[in-house]
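I opened this model to look up its charged side-chain pairs and one of its sheets. My notes follow the display.

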Amino acid sequence: MSGAQDRLPRLLALVPYLLARPGIRIDDAAADFGVSAKQLRKDLELLWMCGLPGYGPGDLIDISFDEDTVTITFDAGMNRPLRLTGAEATALLVALRALVDTPGVADADAIRRAVAKIEAAAGQARPAGVAVGLGVREGAGAAKAREVVQRALGAGRALRMTYYTASKDEMTERVVDPMRMLIVDGRGYLEAWCRRAEDVRLFRLDRIDEAVVLEEAAAAPPYAEPTDTSSGLFRAEPDQRTATLVLEPDARWVSEYYPVEDVQEVDGGRLRVSMRYADTSWMVRLLLGLGGEVRVEQPVELAERLRRQAAEAVARMDRHLAAT
């Protein structure tokens, strides 16, 4: 445990630990933290240079050594073990509860025990008005799809489903071989081998219209590899363009339903987002459907095409009304 990611939490825990055990032997403290005595001495030497802003002699953590023992004589305010705030505890509970409902978790019982302990420890610190539940933003349709997908995964069966592809604005029938279910940015996805595309695909649960578990076994090919989501779910494609949109409050749902980047709050409850698209005609149809609830800042060509097609639509309506 000498890496930076392991060392930081150890350093944060060391001061309250030593305050509670003045004069403890360094060997005993090292054993409690699972490190060597040499490593613990290095940690203590680093703590000696930590403290309050100003960083003068009276601001730094003070440690007293007596042969093989150690005592904290000035804690610089670090006299309590690290505790979660109410908001942090809530976020952690939401994530854990979402995780325990995801197939493939190694030890769901351990997660449930952790949830119980955090709930007990959080106590009154939980923010008022916050409901701690499943950490996935989904409606009734997505919840139903989740149940069917979980059954297919649990039974190792193939799945037939009707799926809405937002980027093409179309419904398709697919037979898939489920591989896993995962949660990315608070949304549930099914990762499966799609027999129609002959490739691994991610399907948003809230876009699965109907799903039926088949009798045949799921049989993803051995070369089907899970998607790497470590740096985000969506990857920019060479043929994609990027539009900068300002969404009025009634159109904020777009940022939830479609993949967007660089989300910024602006005045009046509006959002500025960047949205990738490959098909300009599809993008224009989407924006026209939003009426006056969206403004295109970039690219200029998209804004001009949108303005032109909106004017043509108004002109056709005027002609129609004049003829009736």
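These entries cover salt bridges first, then the sheet.

**Ground rules.** I am working on a predicted model, where local features need pLDDT of at least 70, side-chain atom pairs count only at pLDDT 80 or more, and totals for chains, interfaces and linings use all residues. Residues are numbered from 1 along each chain as its sequence is written, and side-chain values use heavy atoms, with hydrogens and water left out.

**Entry 1: salt bridges.** I took a salt bridge as a side-chain nitrogen of Lys or Arg within 4 Å of a carboxyl oxygen of Asp or Glu. The count by this rule is 14.

**Entry 2: Arg-25.** I found Arg-25 bridged to Asp-27, at 3.6 Å from N to O. I then looked up exposure (buried is under 20% relative accessible area, exposed over 50%, partly exposed in between; 1.4 Å probe, protein chains only). Arg-25 is partly exposed at 37%. Asp-27 is also partly exposed, at 41%.

**Entry 3: Arg-180.** The closest N and O atoms of Arg-180 and Glu-191 are 2.4 Å apart, and the two form a salt bridge. This pair links distant parts of the chain, 11 residues apart: Arg-180 sits in strand β5 (170-184) and Glu-191 in strand β6 (187-194). I took helices (H or I, at least four residues) and strands (E, at least two) as DSSP runs, numbered from the N terminus. Glu-191 is buried, at 0%. Arg-180 is partly exposed, at 28%.

**Entry 4: the sheet.** I traced an open sheet of 4 strands, in the order β10-β11-β9-β12, with antiparallel pairing. Two strands pair if DSSP finds at least two bridges between them. β10 (260-266) and β12 (294-298) are the edge strands; each has a single partner, so one side of each lacks a neighbour in the sheet. Neighbouring strands are turned by 25° against each other on average, direction ignored. β10 and β11 (270-277) pair in the antiparallel sense over 5 bridges.

**Entry 5: Arg-270.** In β11, Arg-270 stands opposite Val-266. The side chain of Arg-270 also meets Asp-267 in a salt bridge, 3.0 Å from N to O. Arg-270 is buried at 17%, whereas Asp-267 is exposed at 55%.

**Entry 6: the helix.** What lies across β9, β11 and β12? I found helix α8 (280-289) there, running at about 155° to β11. Contact means heavy atoms within 4.5 Å. Axes are lines fitted to C-alpha atoms, for helices over the stretch in contact, and angles run from 0 to 180 degrees between N-to-C directions.
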